[in-house]
Amino acid sequence: LLDYVDLIILDIKHITEDGYKKMTGKTINRFNEFLDVCQNKNKKLWLRQVIVPGINDNKEYIYDLKKYISNIKNVERVELLPYHTIALNKYKELNIPYSLDGVDAMDKIKCEELEKILNS
């Protein structure tokens, strides 16, 4: 399927194994495998990172993210997206555990400030 697309939009949940597991409940292995396939097929990438209060909303993480991204080929765009709580009610209605229950929405202005650091 990847042979038929020119551009991949790839969501980065977290850049470390522990952080990825905390955010998704899964290991980072599948993400890395998919990224490797994209790199091997020389696909253009748009990367998105959701910024979550108390998890990755600090300068240190952004500097680490910047370093992580610098090792990825064909990155055309990087976006930081402020975490929101829109899905929380749907998870509750479906009685599905929500790993970020109790986390407030990300301040958009702070997210924009972090994005400036990332793009500097």
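**Salt bridges and their setting**

Analyst: With a relative accessibility of 27%, Arg48 falls between the limits of 20% and 50% and therefore counts as partly exposed. The model is a predicted one. Arg48 makes a salt bridge with Asp11, and their closest N and O atoms are 2.7 Å apart. This pair links distant parts of the chain, since Arg48 is in strand E2 and Asp11 in strand E1, 37 residues apart. Asp11 is likewise partly exposed, at 29% relative accessible area.

The structure holds five salt bridges. Another of them joins the side chains of Lys41 and Asp3, with 2.9 Å from N to O. Lys41 belongs to the loop between H2 and E2 and Asp3 to the segment before E1, so this pair ties together parts that are 38 residues apart in sequence. Lys41 is partly exposed at 38%, whereas Asp3 is exposed at 54%.

A further salt bridge is formed by Asp57 and Lys110, whose closest N and O atoms are 3.3 Å apart. Asp57 sits in the loop between E2 and H3 and Lys110 in helix H5, 53 residues apart, so that distant parts of the chain are linked. Asp57 has a relative accessible area of 14%, which is under 20%, and therefore counts as buried. Lys110 is partly exposed, at 33%.

The nonpolar surroundings come next. The largest nonpolar core has 32 residues, of which Leu47, Ile62, Leu65 and Leu80 touch the most other members. Among the elements that give two or more residues to this core are strands E1 (7–12) and E2 (44–51) and helix H5 (108–118). Leaving aside residues up to four places away in sequence, Ile62 touches Ile51, Asn56, Leu80, Leu114, Ile117 and Leu118.

Aromatic pairs number two. In one of them, the ring centres of Tyr20 and Phe31 are 6.1 Å apart and the planes stand at 45°, so the pair is tilted. Because Tyr20 lies in helix H1 and Phe31 in helix H2, the pair ties together parts 11 residues apart in sequence. Tyr20 is buried at 11%, and Phe31 is buried at 7%.

Methods
Residues are numbered from 1 along each chain as its sequence is written. This is a predicted model: local features need pLDDT of at least 70, side-chain atom pairs count only at pLDDT 80 or more; totals for chains, interfaces and linings use all residues. Side-chain values use heavy atoms; hydrogens and water are left out. A nonpolar core is a set of buried Ala, Val, Leu, Ile, Met, Phe, Trp, Tyr and Cys residues joined through side-chain atoms within 4.5 Å. Buried means under 20% relative accessible area, exposed over 50%, partly exposed in between (1.4 Å probe, protein chains only). Helices (H or I, at least four residues) and strands (E, at least two) are DSSP runs, numbered from the N terminus. Contact means heavy atoms within 4.5 Å. Rings of Phe, Tyr and Trp (its six-membered ring) pair if their centres lie within 6.5 Å; planes under 30 degrees apart count as stacked, over 60 as edge-to-face and the rest as tilted. A salt bridge is a side-chain nitrogen of Lys or Arg within 4 Å of a carboxyl oxygen of Asp or Glu.
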